[in-house]
Amino acid sequence: MKKFSVDKYALDIAKKVISSGEISDIEAINQSIESILMTGFNERVFESYGSFVPTLVFNNINESKASGIMEKIISLITKRETRISIVPSMCSITVVRATATMDIVLSYIVISSGTVGEFNKRLIF
C-alpha cells in the first residue's frame, strides 16, 4: 500500500477516502483535529484558524482547570471541524503534573457515514 507522506502526516492514497468531494477518513479527520489544536491563533494566514492549546505550555494546569479546557476544546473543534459530531460524555482530559503531560481524548461520530472515531493525543509541556 502506498502512502503520501509529509512530515509525520500520512494519508493512505490507496484507500477510497473521498466520497462526494468530502474526505471522511478517520486518519484524515484526526490529522485535522491535531492541526487545529496545535496551531496557535494568527500562526497561519487564516485569521480564524488555530487554538489556545499551544499557549497552555505557559500555564499552571491542574485537574480543576482540565474540565474548562476540555469544554473549550470541544467548542473549538465543533466550530472548526464540521464533518464530525463530538460526543462530550465520551471525551476526557487527564493532567499528570509529575510528567508534565496532558492526555486529550475526543470521541466523535463522522456525520456522513456514522462511523465512530477517536482522537487521542498526549501533549508534553
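Setting aside neighbours within four places in sequence, E81 is in contact with I29, S32 and I36 in this predicted model. E81 itself lies in the loop between helix 2, residues 63-80, and strand 5.

Is E81 buried or exposed? Its relative accessible area is 4%, and since the cut-off for burial is under 20%, E81 counts as buried. Its side chain has two polar contacts to present here. One joins the side chain of E81 to that of S32, at 2.6 Å; another joins it to the side chain of R83, at 2.7 Å.

Let me turn to helix 1. The buried residues of this helix are A28, I29, N30, S32, I33, E34, I36 and L37. I29, S32 and I36, the contacts of E81, are therefore among the buried residues of helix 1. As for geometry, helix 1 comprises 13 residues, 26-38, and at 1.5 Å a residue it should span 18 Å; the end C-alpha atoms are 18 Å apart, so the two figures agree.

Next, the aromatic residues. A search of the whole structure returns 0 aromatic pairs.

Finally, confidence. The average pLDDT of the protein is 80, and 75% of the residues score at least 70. Strand 5, residues 84-86, has the highest mean, 97, whereas strand 1, residues 3-6, has the lowest, 44. Across residues 1-7 the pLDDT is below 50, and this stretch has 14 contacts in the model beyond near neighbours in sequence. Where pLDDT is low, the predicted coordinates should not be read in detail.

Methods:
Residues are numbered from 1 along each chain as its sequence is written. Side-chain values use heavy atoms; hydrogens and water are left out. pLDDT is the predictor's confidence in each residue, from 0 to 100. Helices (H or I, at least four residues) and strands (E, at least two) are DSSP runs, numbered from the N terminus. Contact means heavy atoms within 4.5 Å. The expected span of a helix is 1.5 Å times one less than its number of residues. Buried means under 20% relative accessible area, exposed over 50%, partly exposed in between (1.4 Å probe, protein chains only). Rings of Phe, Tyr and Trp (its six-membered ring) pair if their centres lie within 6.5 Å; planes under 30 degrees apart count as stacked, over 60 as edge-to-face and the rest as tilted. A polar contact is a pair of N or O atoms within 3.5 Å; within protein, one must be able to donate a hydrogen and the other to accept it, and residues adjacent in sequence count only if both atoms are side-chain atoms.
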